[in-house]
Amino acid sequence: MTVSTTLTTIPEVRRVRGLEMPWNRVAQATADLPFAAAARALDPWYPQEFLAECVQTIPEAGGMLTVVMRRMDGAPLAFRSGQYLNIAFPVFGQDADPVNRSYSLSSAPTEPWTFAITVKREEGGTVSPWIHENIRPGSVLEVLGPVGAFHLPDYDRRARYLFLAAGSGITPLMSMIRTIHSLPGRADVVMLYHGAAPGTFAFSHELEHLAAVDSRITVYYSLGDRSVPGTWEGMVGRLTSEMVDTVVPDANGRKVFACGPEGYIDVAAELLEKVGVDETSIFVESFSGTRETALEYREEVALAGGIAEEMAAAQDAAREAALEAPADVVDPPTGALDLYRIAELNTPDDGGAAAATLSPAPSGAAASGPTPSSPAASNTTGPVDPSTFEVVGEGSLTMSFLRTRLNVRIDPEANVLDAAREAGVRIGANCREGMCGSCKVVKISGEVDMNHQGGIRAREIDAGKFLPCCSTAQTDLIVDA
């Protein structure tokens, strides 16, 4: 008997020289690789608004808590190591305005089906104690992200890094070091981690394990200027150029990522210059409550919100075009838009319920108005007659909210957002000064007087969008909210 064996030819894959993120590597692969299209769908190319569910909470050393989440729409979260999420927390109850905070992702993007933030409990704080006491598996939060330019490069031929962390500044660097460990290729990583006392170094057991099993990773600990207990075997002293020279004599040949309180970051920037590190190789993230830092985060989040809205609109258009096209001309998936398009095409005709589960939330759905599966949202797909809506409030003008199916009476001098919120219309808003842009909605018809301070683009205004947080009605309005 003759046995015939057929061997499948495996395409040649180039060697990894240095460190390369998987989406970057696969993007350059040949299209006939069976996994190429799926991996390209994980390319972290824009922020989104979505709902996330907590699946696990993990206490960490140093009064920190890791919250592991997954997207409610079932999609992966594609991000770059070091980026953060802006999350709305219902600190004062579901009927009150949420409190928004930005937290760095501490997990690696190479495991995208779940993701994690790690939050230090700040006594006297508004949000962090609430997170520690209230977030449990099953909790659902409104999320915008990923956001931020503090992250590892997609490709680095040399991949030689120095990580400087102090306190909760370990969180984005933990994402980076987990990512590097999960990837093939050459890398040389030295981490210097400052903490307040023995036993307060979050992730220390994992860091020790990674350093033991991965020869590319070295970790040092320092207690700052605290006294030395008898059992402490690490370093002591605040961050100095001498300390940097001790742990990494070749600092001037590395990219440096530093994260921690503002004072720590200022010291790091000064001493890195002394040891010869070029300023173009220094990347910092400041975890502080200063007004300047808050404004920087606000601007980044506002920009991300605008991008999320624009991309959500592009997704909607792409899905509509895909549904109208013959099935035999649909191209192989090449990115996130195609991932959603395939979900739509494979959805059974069941009245829209399955499509709502598989599709990403429409722009603003996470923060303003019903979810895609709710009756009010499904009713907006056909003609809507505002004259049939319930009327609430008093005033000479009428605001008709299509998604909420509610007419709100308002006086010309009244703030649009205040009147909408009081009537029960859910419109997300991170600030009340017209700077953030998170409350941005579409005005179908009518005129408003909007006194904004840069939270909205001219082309968005031309397209009918406005900021209700800094607007008053001049005529009757019809609003998509």
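Reader: Which residues is Ser-139 in contact with, leaving aside its neighbours within four places in sequence?
Author: This is a predicted model. In it, Ser-139 is in contact with Ala-52, Glu-53, Cys-54 and Asn-134, once neighbours within four places in sequence are left aside.

Reader: Where does Ser-139 lie?
Author: In a loop. That loop runs between helix H3 (128-134) and strand S7 (140-147).

Reader: Does Ser-139 count as buried or exposed, and why?
Author: Buried. Its relative accessibility is 18%, and buried means under 20%, so Ser-139 counts as buried.

Reader: What lies 2.9 Å from a polar atom of the Ser-139 side chain?
Author: The backbone oxygen of Arg-136.

Reader: New topic, the open sheet of 5 strands. What is the strand order?
Author: The order is S11-S10-S9-S12-S13. The pairing is parallel.

Reader: Which strands are at the edges?
Author: Strand S11 (217-222) and strand S13 (282-286). Each pairs on one side only.

Reader: How many degrees are neighbouring strands of this sheet turned against each other?
Author: On average, 10 degrees, with direction ignored.

Reader: Over how many bridges do S9 and S12 pair?
Author: Over 5 bridges. Strand S9 covers residues 160-166, and strand S12 covers residues 255-260. Within this pair, Tyr-161 stands opposite Lys-255 in S12.

Reader: Which strands does helix H5 lie across?
Author: Helix H5 (residues 204-213) lies across strand S10 (188-194) and S11. H5 runs at about 140 degrees to S11.

Reader: And helix H7, which strands does that lie across?
Author: Helix H7 (residues 262-274) lies across S9, S10, S12 and S13. H7 runs at about 155 degrees to S12.

Reader: Now the largest nonpolar core. How many residues does it have?
Author: It has 33 residues. Those with the most contacts inside it are Tyr-161, Phe-163, Leu-173, Ile-177, Met-191, Tyr-193 and Leu-207.

Reader: Which elements each supply at least two residues of this core?
Author: S9, helix H4 (170-182), S10, H5, S11 and S12. H4 gives the most, with 6 residues.

Reader: Why would a core like that form?
Author: In soluble globular proteins, nonpolar side chains tend to be buried together.

Reader: Back to Tyr-193. What is Tyr-193 in contact with?
Author: Skip its neighbours within four places in sequence. Then Tyr-193 is in contact with Ala-165, Gly-167, Ile-170, Phe-201, Ala-202, Leu-207, Tyr-220, Tyr-221 and Ser-222.

Reader: What does the second, separate core include?
Author: That core of 25 residues includes Ile-427, Cys-470, Val-479 and Ala-481.

Technical notes: Residues are numbered from 1 along each chain as its sequence is written. This is a predicted model: local features need pLDDT of at least 70, side-chain atom pairs count only at pLDDT 80 or more; totals for chains, interfaces and linings use all residues. Side-chain values use heavy atoms; hydrogens and water are left out. Helices (H or I, at least four residues) and strands (E, at least two) are DSSP runs, numbered from the N terminus. Buried means under 20% relative accessible area, exposed over 50%, partly exposed in between (1.4 Å probe, protein chains only). A polar contact is a pair of N or O atoms within 3.5 Å; within protein, one must be able to donate a hydrogen and the other to accept it, and residues adjacent in sequence count only if both atoms are side-chain atoms. Contact means heavy atoms within 4.5 Å. Two strands pair if DSSP finds at least two bridges between them. Axes are lines fitted to C-alpha atoms, for helices over the stretch in contact, and angles run from 0 to 180 degrees between N-to-C directions. A nonpolar core is a set of buried Ala, Val, Leu, Ile, Met, Phe, Trp, Tyr and Cys residues joined through side-chain atoms within 4.5 Å.
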